[in-house]
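Have the structure open while you read.

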Amino acid sequence: MARTRPVNPQKTGFPRLPDPVPLARFAAADDLRAAIGLWMAWLAAERRASAHTVAAYGRDLALFLDFLTEHLGELPSLAAIDRLRPADFRGYLARRVQQDAERSSLARALSVLRGFVRFLHRRGLASTNALAALRSPRQRAGVPKPLTVEDATAAVDVVGEFAAIGWHSKRDIAILTLLYGCGLRLSEALGLSRGEAPLSETLVVTGKGRKQRLLPVLPVVRAAVADYLATCPHALAAEGPLFVGARGGPLNPRLVQRRMAEVRACLGLPESATPHALRHSFATHLLGAGGDLRAIQELLGHASLSTTQRYTSVETERLLAIYDAAHPRARLAGDDAES
């Protein structure tokens, strides 16, 4: 069963992580820009937010300040934040709607603003209650879109056919086998070092929030990784990346995504059949085979059980489809409806 382990701070970061938004990008007066620098440092150091999160939050805040500069006719300062009203924030959300922003994007933008204003308030830099009057946009509950057992297996089987070089084929097979066999995120798989290669019965993986968990490794996963390592022509340093590109550098996640697109085209799979769908498939197929929900939560590294519970909706839909197709009473009801 998965369990939390201490983080190794010496581990090299790969694949390459996004840089935070530079302070010069924020349309703000000097005092507000300095506060933004403190906020971003706090996110990374104290909140332990990932580089992706820090970059995304920075982009959201930069968009708001762009709007605010136009809205106010000057660069906003900490004093300007104090004077903001609910109408100012509603105006920003309306602008994002005009730009065809999704509800999820609007909800995150509002969440970022709430968090930033809360940070300013707690440090006595600025304060506004305007956001209390706004409700976050309602979002449709997202349901994971896993592959069937047959499609997931076929995806792993055929991915090796699209690489022009033999060891690239072995690498691609190993990656998809790892995603489906261990339920890893793509970033987690590509973040493994050579020294962490899953060649034994367990694997320690670093997930979101830099939390680590211990996972069992199936023999088929170990075999696929060993096969890749046996053919890889590059000398892989223990602290360097396990999965490398043609020149021996960290593998770009986009290459794996392109490979999966080729797999989709070959097998006639839907657009939802992405590398992350293999992680969804891992969880859904475990649940369908009677896996314990709490254990699956730990295997996936979810902080909240409610996140894992989304997979029960997928499994319920599958069972209902089987019922409708196979149960005699369901067939009779369908016949009655047609007559």
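Phe64, Phe67, Phe89 and Tyr92 are joined into a cluster by ring pairs. Bear in mind that this is a predicted model.

**The Phe64–Phe89 pair**
- The ring centres of Phe64 and Phe89 are 5.4 Å apart with the planes at 5°, so this pair counts as stacked; the cut-off for stacking is under 30 degrees.
- Phe64 belongs to helix α2 (residues 51–72) and Phe89 to helix α4 (residues 86–98), so the pair ties together parts that sit 25 residues apart in sequence.
- Phe64 is buried, at 2% relative accessible area.
- Phe89 is buried too, with a relative accessibility of 1%.

**The Phe67–Tyr92 pair**
- Here the centres of the Phe67 and Tyr92 rings lie 5.8 Å apart and the planes meet at 50°, so the pair is tilted.
- Phe67 sits in helix α2 and Tyr92 in helix α4, 25 residues apart, so to speak a link between distant parts of the chain.
- Phe67 has 8% relative accessibility, so it counts as buried, because the cut-off for buried is under 20%.
- Tyr92 is buried as well, with a relative accessible area of 2%.

**A charge over a ring**
- Which residue lies over the face of tryptophan 167? That's arginine 171, at 5.7 Å from the ring centre.

Definitions and conventions
Residues are numbered from 1 along each chain as its sequence is written. This is a predicted model: local features need pLDDT of at least 70, side-chain atom pairs count only at pLDDT 80 or more; totals for chains, interfaces and linings use all residues. Side-chain values use heavy atoms; hydrogens and water are left out. Rings of Phe, Tyr and Trp (its six-membered ring) pair if their centres lie within 6.5 Å; planes under 30 degrees apart count as stacked, over 60 as edge-to-face and the rest as tilted. Helices (H or I, at least four residues) and strands (E, at least two) are DSSP runs, numbered from the N terminus. Buried means under 20% relative accessible area, exposed over 50%, partly exposed in between (1.4 Å probe, protein chains only). A charge sits over a ring if NZ of Lys or CZ of Arg is within 6 Å of the ring centre and within 35 degrees of the ring normal.
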